[in-house]
Amino acid sequence: TLSGMARFSGRCLLIAGFLYVVGLVVRSLPLVFLSLFVALLLTTLLSPVADWLARHRVPRSLAAGGTVLVGVACVGGLLAFIIPRTVSGVVAHADTLAQRARGVARSLTRLLPGQALTLDELGSRAEAWVRQNSQELATGAASGLSALTLVVSGVLLALVLTFFFVRDGDSLVRSSLSPLPPVRRRRVHAAANEAWKTLSRWVRGTVLVALIDAAGIGIGLVVLGVPLALPLALLTFLGAFVPIIGAVVAGLVAVLVAWAMVGLKAALITLAIVLAVQQLEGNVLQPVIMGRVLPLHPAVVLLAVTTGTLLAGVAGALVAVPLLSAVTAGTRAFLVGGHGPGERDEQWPEAPEGPADGGEAQPPAPH
């Protein structure tokens, strides 16, 4: 009917307006948005642990804080284990890397028509360029320090937000939706709940797929005797969070490292291992683990990753697919979330009571 079409059009305009406002916020406050999004991703992983502790009579604040601290300690310990070994591996194979680099430089000089540049001439030109652009390099170093400060600020903000989301997530949702009329509240709550479930499933499914990919490629590199196998496995794990493009980049880096540090034979075997792992992921892991979590066509996923990269670089590539999945699921739930005949308004569930923690409320994490 005409009224039904009008209501549908109004809802579409409302959703479009919401997405437009989100886009403005992302462009105006990228650090705040990324910190918020990372906090939501971490909350999907940490809130089940905090909920389990709260059910076993651990105060909610202590459960949330302890869970976040343990997560930070695990990540920090992993980096402290990997970074020194990466540096030592690069130093130990510095001669091999230099020899490979000289070989690549000779090959490049042969490709230049009419140019017979030697390595010494290339080095002299590079040194002259550095002297001429020392001021620009100093400015770039200062900009890099400023960017590092922003990254540290964003990490701290994300951790603080994660603590509050894990501890007070459900109460935050209820208080933010309470001003809405009952019917609108029901629709928005259904949309938010479905978006949260989709985001949680995406994070957990991606972590599982990434662990399997990293284990497969890491074991193959160890067997081949390729140095930096652990850092390359970590890069493979992180690359899984950028669909399609991340796996290609991580695999290419692994092949290049195997060629530079071991040789052509090891590089070809590494390439075969990478292709085998990616085929396993594309034909088995993704359909089984992520098929229901990410109901998006690969073309849509590729467009989302590309658009996110163009708008916000690597950070945009990371958030594009999970954000699109959550918005799609939430929009679908909002559009079909009306009352049926004889239905009453949804009653808000009370937060489960836990042990007293200084008299504060003990709401569960968002779910």
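Reply: For residue classes, Ala, Val, Leu, Ile, Met, Phe, Trp, Tyr, Cys and Pro count as nonpolar, Asp, Glu, Lys and Arg as charged, and the others, Gly among them, as polar. This is a predicted model, where local features need pLDDT of at least 70 and side-chain atom pairs count only at pLDDT 80 or more, while totals for chains, interfaces and linings use all residues. Residues are numbered from 1 along each chain as its sequence is written, and side-chain values use heavy atoms, without hydrogens and water.

Me: What volume does the largest cavity have?

Reply: A cavity is a set of points, on a 1 Å grid over the protein atoms alone, where a 1.4 Å probe fits but cannot get out; lining residues have an atom within 4 Å of a point. The volume is the space filled by probe spheres set on the points, which are joined across faces, edges and corners. Here the largest cavity has about 80 Å³, and the whole structure holds one cavity of 30 Å³ or more.

Me: Which classes of residue make up its lining?

Reply: The lining has six nonpolar, three polar and two charged residues. Among them are Asp213, Thr236, Gly251 and Glu281. H10 gives the largest share, four residues.

Me: Is Leu268 buried or exposed?

Reply: Buried means under 20% relative accessible area, exposed over 50%, partly exposed in between (1.4 Å probe, protein chains only). Leu268 counts as exposed because its relative accessibility is 52%. Leu268 is found in helix H10; helices are DSSP runs (H or I, at least four residues), numbered from the N terminus.

Methods: Helices (H or I, at least four residues) and strands (E, at least two) are DSSP runs, numbered from the N terminus. On a 1 Å grid over the protein atoms alone, a cavity is a set of points where a 1.4 Å probe fits but cannot get out, and a pocket is an open set with protein on both sides within 12 Å along at least five of seven lines; lining residues have an atom within 4 Å of a point.
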